[in-house]
Amino acid sequence: MYSVLKTPDAIRVICQDPTQNDVSVDFTPAPGALKVSVTAKSAEPRFVLLRWNYRVDGPVRILGDAWERSYGTLAWRGIEPERILPWYFLMDSPDGVFAFGVAVRPSAMCHWLCDREGVTLVLDVRCGNVGVVLDGRTLEAATILYRAYGDREAFDAADNFCAAMSPSPLAIPAPVYGANNWYYAYGKSSHAEILSDSAYISRLAGGLSNRPYMVADDGWQPNGCCGPWDRGNERFPDMPRLIREMKETGVKPGLWIRPLHDASEKFTAEHKVRGEARTLDPTHPDVLADVEATLRRLADWGCEIVKHDFSSFDTTGLWGKDAFRRFAPERTPWHFYDRTVTTAEALVTLYSRILAAAGDMVIIGCNCVNHLTAGLAHLNRTGDDTSGRDWERTRFMGVNTLAFRLPQHRHFFEIDADCVGITASVPWEKNRLWLDLLAKSSTPLFLSCKQSDITPAMEADIATALALAAEQKDSLRPLDWMETSTPAKWSYNGETIEYAWSDDFGAFELV
């Protein structure tokens, strides 16, 4: 009915120099898909707009995705012509559910627009924030997919379409669960504290044969929130010994890194992006080689899981929700070291090199561009941070991303809706609900436990949740997700369960 698997009704190309436009846009049909390629000689294309004209009648509801992590705003809404719909969207109408999208790992940052007269696909092929230099190269920009689901329930349609967009997720050896120290330590930790956390989560996991992971988050490295990632600081004097001792407690050890942020003197201005002091350019061969060396080093230390963070922010200089706005006003023009690749290509290459260098380590992506890391990370943090200080942040960010990105689970990657930050600052009667939902979701469950704030009764609840998380055999889906951004009603193994998320005085604005 609304098929976009045909030549568009209109095509527009926006180049860096409007007087140069030797760009050709070609379309190749494929089974259930339409491949889009872009070729240019002297022109430097920035955006390619594809328009299909259809009359969208009747009451409809639209669900889109987010560029990287979501920020608590995913929801079914009516037609908003200016609403940017990254990567894919679903339309629920009296005629059924219709899905529009692009296959994962395209070579362009892709978003859709939907109005009463039709749909538009915008292919952002910039290198940084200027046009890409193709110099005669044909860019395989994207593969468009479309499905009509008749009267199929919207969640089933979303699940099926995510599988179609990403048919080759990474296999994972066993369900991932465990602990991460960020949401009580917030960067202030030590060798002894990580060992204590490791022993604690190991004890709570009891005799489970699938042992929990313990991730030491930001704070172990010598230079604040940046590398080098070749040693610890004064509180972490011997990283290989720490990893070895963590294993002895009965956990699978792991570390957090920010691979594109480094204070090493070996990096010169040529290796930096946007003239920043410490932010590395992911297209420079030396930078990619250093990232690979970091991953191999962590594997040699004995890490079994690695969390790589900030690639979206460090690559663009903005959070994902701001970085790819349609035709955003230009800041100072900038491009990558390699002018011949698009931003999307740069990130796919980075994620691919991380995966190749990681060996047998499990990879968690965080602040990764969602559609580009699919199939290149075992887990991906799909929402902005929850909290060990503020329940409202956990409600707003965590529940929203779990509900609306659950169809991506085990198709794109294992979705990580973020931790349960267990401290005295967060009411246990609410946090216990978040723990319960995550445990029943069959997605990775990570705890941040301040041990002194946990009572024996809380430990019993945690142990029950960990036992579920170690197996991840349950079925969970939101039932009221078309009515609210924070679903309260869920189907758990076919039984309806309900959660009271709001505080006594309802929600309030995050600061």
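Predicted model: local features only at pLDDT ≥ 70, side-chain atom pairs only at ≥ 80, totals over all residues.
Residues are numbered from 1 along each chain as its sequence is written, and side-chain values use heavy atoms, with hydrogens and water left out.

**View 1. The whole chain.** The chain contains 12 helices and 23 strands; these are DSSP runs numbered from the N terminus, with helices (H or I) of at least four residues and strands (E) of at least two. Its radius of gyration is 23 Å, close to the 24 Å that the globule rule gives for 511 residues, so the chain is as compact as a globular protein of that length. The radius is taken over C-alpha atoms, and the rule is 2.2 Å times the number of residues to the power 0.38. Along the principal axes, the C-alpha atoms fill a box of roughly 65 × 55 × 40 Å. Of the 511 residues, 61% count as buried (buried means under 20% relative accessible area, exposed over 50%, and partly exposed in between, with a 1.4 Å probe and protein chains only). Contacts are heavy atoms within 4.5 Å; among those between residues at least 6 apart in sequence, 73% join residues at least 24 apart.

**View 2. An open sheet of five strands.** The order of the strands is S1-S4-S10-S9-S6, and the pairing is antiparallel. Two strands are said to pair if DSSP finds at least two bridges between them. At the edges are strand S1 (10–15) and strand S6 (85–86), each of which pairs on one side only. Strand S4 (residues 45–53) runs antiparallel to S1, and six bridges join the two.

View 3. Strand S2 (residues 24–30) and strand S3 (residues 33–39) run antiparallel and are joined by seven bridges.

**View 4. Strand S8 and its partners.** Seven of the seven residues of strand S8 (residues 96–102) are buried, so S8 is largely enclosed by the rest of the structure. S8 forms a hairpin with S7, with two residues between them. Strand S7 (residues 88–93) is antiparallel to S8 and joined to it by six bridges. In this pairing, methionine 91 stands opposite phenylalanine 98 in S8. S8 also runs antiparallel to strand S11 (residues 138–148), with five bridges between them. Here alanine 99 has arginine 147 of S11 as its bridge partner.

**View 5. Two aspartates in helices.** Aspartate 314 lies in helix H6 (residues 311–316) and is buried, with a relative accessible area of 1%. Leaving aside neighbours within four places in sequence, aspartate 314 is in contact with Arg258, Leu260, His261, Val273, Arg274 and Thr279. Aspartate 322 lies in helix H7 (residues 320–323). Is aspartate 322 buried or partly exposed? Aspartate 322 is partly exposed, with a relative accessible area of 25%. Arginine 296 is 26 residues from aspartate 322 along the chain, and their C-alpha atoms are separated by 33 Å.

View 6. Glycine 227 and proline 228 are joined by a cis peptide bond, with omega about 20 degrees. Proline 228 is in the loop between strand S13 (213–216) and helix H4 (239–248). Tryptophan 87 is not a glycine, yet has a positive phi of about 75 degrees. The loop between S6 and S7 holds tryptophan 87, which is buried, with a relative accessible area of 0%. Asparagine 367, again not a glycine, has a positive phi of about 55 degrees. Its place is the loop between strand S16 (362–365) and helix H9 (370–373). Asparagine 367 is buried, with a relative accessible area of 0%.
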